[in-house]
Amino acid sequence: MFAREPDKEFCLRRFAELERMDEESEPFPAMPSGEGSGDFEKAGEHKMAASDAKNSGDYAKAVDEFTAALACSPSALTYANRADCLLKMKRPCAALADCDAAIGLNPDSAKALKIRGKCNRFLGKWEAAQTDLAKAMSIDFDPDMQDLLKFVQGKFQSIQQRATKARIK
């Protein structure tokens, strides 16, 4: 008799339990104030260096380069890219701060919403994760995020059901 292969939903639930992250205590990367120096050429150089570092897996260097790019010229996409690197470094709270900054600059930044949704998911903030992922999917549909959104919605619904049962008792 053959063992039954686990279904996709079971795998996602198990993965979520294993991938839970704790809130980090180390300081967040610098948040530039104001408009920056306005040196778009220098910012572009830093973004290229950050992209190269990110592609090679050196997320710490990528964060430093994105920080330098933000000091030259803050942008929502640069904040979102730095947040992505921070999340890969298992720093969800710092990534959340960057996503908030990105969304402050561009409320319809699908990338920032997706990353913020992932951060909230890793922190167990299911309602916030569901809200961000659903909004990101309405702005820019991503079939790869569909399974994650479905999983997060299931978690959020089960929490709501438990709260309703407790309230009824």
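In which crossing, left-handed or right-handed, does H4 pass H5?

Guide: This is a predicted model, in which local features need pLDDT of at least 70, side-chain atom pairs count only at pLDDT 80 or more, and totals for chains, interfaces and linings use all residues. Residues are numbered from 1 along each chain as its sequence is written, and side-chain values use heavy atoms, with hydrogens and water left out. The crossing of H4 with H5 is left-handed (the near helix is turned anticlockwise from the far one by less than a right angle; clockwise would be right-handed). Helices here are DSSP runs of H or I with at least four residues, numbered from the N terminus. H4 covers residues 76-88 and H5 covers residues 92-105. Their axes (lines fitted to C-alpha atoms over the stretch in contact) are 8 Å apart, at an angle of about 165 degrees, on a scale from 0 to 180 degrees between N-to-C directions. H4 and H5 are therefore roughly antiparallel, a term for angles over 145 degrees.

In the contact (heavy atoms within 4.5 Å), H4 contributes Ala76, Tyr79, Ala80, Arg82, Ala83, Leu86 and Leu87. From H5 come Pro92, Ala94, Ala95, Asp98, Cys99, Ala101, Ala102 and Leu105. These residues divide into 13 nonpolar, no polar and two charged (Ala, Val, Leu, Ile, Met, Phe, Trp, Tyr, Cys and Pro count as nonpolar, Asp, Glu, Lys and Arg as charged, the others, Gly among them, as polar).

The loop between H4 and H5 holds Lys90. Lys90 is not a glycine, yet it has a positive phi of about 65 degrees.

How values were computed: Helix = DSSP H or I, 4+ residues; strand = E, 2+ residues; numbered from the N terminus. Parallel < 35°, antiparallel > 145°, perpendicular 65-115°, else oblique.
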